[in-house]
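This briefing summarises the architecture of the structure shown below.

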Amino acid sequence: MKAALIGAGQIARQHLSCLQGLPGVEVAAVCDLSPSVAECAAERYRIPSWYTDHRAMLREVRPDVIHVTTPPTSHFRLAMDSLEAGAHVIVEKPATSTFAELDALARRAGELGRALVEDYNYLFNSATREILRRVESGEFGAVIHVEAMISLDILGPSGFADPNAPHPCLAFAGGAIADFLPHLASLANLFVGPHRRAHTVWAKRKRSVLPYDEFRAVVDAERGTAALAFSASSQPNAFWLRVHGERMQATANLFETRLTFDRLRPGPKPVQPLLNGLEEGKSIRRAALGTLLQKFSGGPGTYEGLFRVLARTYQSLADGSTLPIPAQQVLEVNRLIAALRPEGSGA
Amino acid sequence: MKMLVTGANGFLGRHVLSALLARGHLVRALVRPAARVDDLGWPDSVDLFRADLRSTRELKPAFDGVDVLVHLAASVTGGEDAQFAATVVGTERLLGAMARTSCRRMVLASSFSVYDWSSIRGTLDESSPIEPVPALYARDGYSIAKSWQERVTRRFGEKHGWDLTVLRPGFIWGRDHAGIAALGQQLGRIQLVIGPFTHIPLTHVENCADLFALAAEDPRARGLTFNVVDGEGERIWRFAGQYLRGTSERRIRIPIPYHLAYWLVRLAFATVFRRNLKLPGLLIPNRFEARLKPLRYTNRRAREVLGWKPPLEFRECLSRTFGAAPATVPSLELAKKTG
């Protein structure tokens, strides 16, 4: 399959690293508004051609799959142009600025018989997959509630809160935090299904160019409830996922490899906290070592989920099987994202 | 002459601005929109132009009336892509604007990091090879960005027939910036000094700034590349000692032979670490060499072509760096007197 990328920045390099190792995938071209960025990516990843005009690339290269990895405010137009050119589209999160745009993309993809995949990479991290495996095997019992909280310092002078060059995400309702809503919403959707209603709190605690730096939400969904949160002030950086089941509870830090389970055990009740604690301690020690080894041994690191999403998407496109992130799931997640955005944002 | 100085409030930029003023030039200082310049003591004659090279829509007005661009702006912090955007994309946008003006002369601050440290033996000078592809992409984000910045600048220069001078400084040091990478690795109270007898390609920030100012005004510099070092450079062991004394930091220096450390790093990189490029720089062989390889350095070209001599002796550099802080940048005082 012939792949091409629009946008050759940081996340694009993760896509390219993955694509280089996928059998049957040829990266034919890369495009970026900056000629240096495009040429550098082409040189570094031995891509035969580079462009600064995505329409020229679509016309001349005729890719089978386009990865849209530009800043998110440009996604809609680029994804739509790519669909119209006959390509399947893998778009980085957040796919669009509004649900209406996402809906328009999904409809067009359906009409043209093309795939539209939004990257929910944390659904495919090892920890998430292991929890899901236990849920699907029945070991976990029904999921009652899921909590997902990202603590990430985005208040520093570079990146989201750069006072010199406004980050593209500041154009979104919710500002920089909107960039993380797809992670939170996709995890809620995975474990408790499509949402019915959501209550949110958006707050600004620190001085910065960001409109908000704290976010909380309680979500009522078809199969359970979810509590979602983002904090720019809580440290250390972490992505906590806690899944509460009828017979088991799981806790994972998706920025690392930490994953622990508490479960109902046979035997006397007073011994259960001790056994759960011992097992938890063992898991944490193993995970701490695993995280360190992961850093030293290379590989995708926290992008392991992205590598799986891409590998499975290409596999599905090749053999016609169900996509790892089907269109229905993208719609459901984006409906929740729209409900999570600040009130009055019109999004 | 009127000079446009980018990165004018940076560590090197502040001294270049002062050196240009001292030589009687008019200066327009390009600084980022949120940069604080009030406490830099700049005279009113400095024309301030606030812009971010990555995002300011129109950069052409920065060149109004400008004879020479002295382009120092580059990112030294942040991730690889952030550095590339700030350093390379910023340069691309700046020079794109310059191409629409009558300004035809520029001086670029490049870096020793563009050289191919693995292949160079003996003396590193302006004729030494630069890092080739694909080895470049095993280097750190700063080296990749500076290599691309020089590449982009040379292309613009050739395309538009500009008079380009490229200056490649070694380790620029000075007050609050003496903890250079060549000092080795700190492990708590221990300072591992790798290759203690190796010379460091040092240039004190005021000496470095003096050569920038000279190159900007001297027509003999046109079309040439100059390495910027103050001389053959102090040995690492001695400089580490001076650094620790100057900063009153209590660390025990432990010498490690360069070749022993280098071959251990190479062996570990190829086996245990499986060529992982996300490791700390000291564990990646070509980054290790770029910091610590024992080579000789010379400023012969600057001396012979421009008659340059570093204005400050090493002893003066030490006292400027570690002695009592002056009220203002020393050369700015001179600029105010002569101006």
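A residue is counted as buried if 20 or more other C-beta atoms lie within 10 Å of its own. By that criterion, buried residues make up 47% of the 339 residues in chain B. The model is predicted.

**Chain B: fold and dimensions**

- Chain B contains 10 helices and 14 strands.
- For chain B the radius of gyration is 20 Å, close to the 20 Å that the globule rule gives for 339 residues, so chain B is as compact as a globular protein of that length.
- The C-alpha trace of chain B spans about 55 × 45 × 40 Å along its principal axes.
- Of the contacts in chain B between residues at least 6 apart in sequence, 77% join residues at least 24 apart.

**Contact between chains A and B**

- Chain A contributes 17 residues to the contact, and chain B contributes 24 residues.
- On the side of chain A that touches chain B, α2 (35-44) and α8 (272-297) of chain A each supply at least two residues.
- The largest share of that side of chain A, 6 residues, comes from α2(A).
- By residue class, the side of chain A that touches chain B divides into 6 nonpolar, 8 polar and 3 charged residues.

**Nonpolar core**

- In soluble globular proteins, nonpolar side chains tend to be buried together.
- The largest nonpolar core here has 201 residues, and those with the most contacts inside it are Ala41(A), Ala188(A), Val5(B) and Phe212(B).
- Helix α4 (residues 205-217) of chain B provides the largest share of this core, 9 residues.
- Because domain 1 (2-118) and domain 2 (122-305) of chain A both give residues to this core, the core lies between them.
- Leaving aside its neighbours within four places in sequence, Phe212(B) is in contact with Val16(B), Ala19(B), Val70(B), Val107(B) and Leu167(B).

**Domains of chain A**

- Chain A is divided into domain 1, residues 2-118, and domain 2, residues 122-305.
- The centres of domain 1 and domain 2 of chain A, taken over C-alpha atoms, are separated by 28 Å.
- Between these domains of chain A, 8 residues of domain 1 are in contact with 9 residues of domain 2.
- The side of domain 1 of chain A that touches domain 2 of chain A divides into 3 nonpolar, 3 polar and 2 charged residues.

Note on methods:
Residues numbered from 1 in each chain as written. Chains lettered and ligands numbered in written order. Predicted model: local features only at pLDDT ≥ 70, side-chain atom pairs only at ≥ 80, totals over all residues. Helix = DSSP H or I, 4+ residues; strand = E, 2+ residues; numbered from the N terminus. Rg over C-alpha atoms; globule rule 2.2 N^0.38 Å. Buried ≥ 20, exposed ≤ 12 C-beta atoms within 10 Å, placed from the backbone. Contact = placed C-beta atoms within 7 Å. Nonpolar A, V, L, I, M, F, W, Y, C, P; charged D, E, K, R; others polar. Core = buried A, V, L, I, M, F, W, Y, C linked by C-beta atoms within 7 Å. Domains from an automatic or database assignment.
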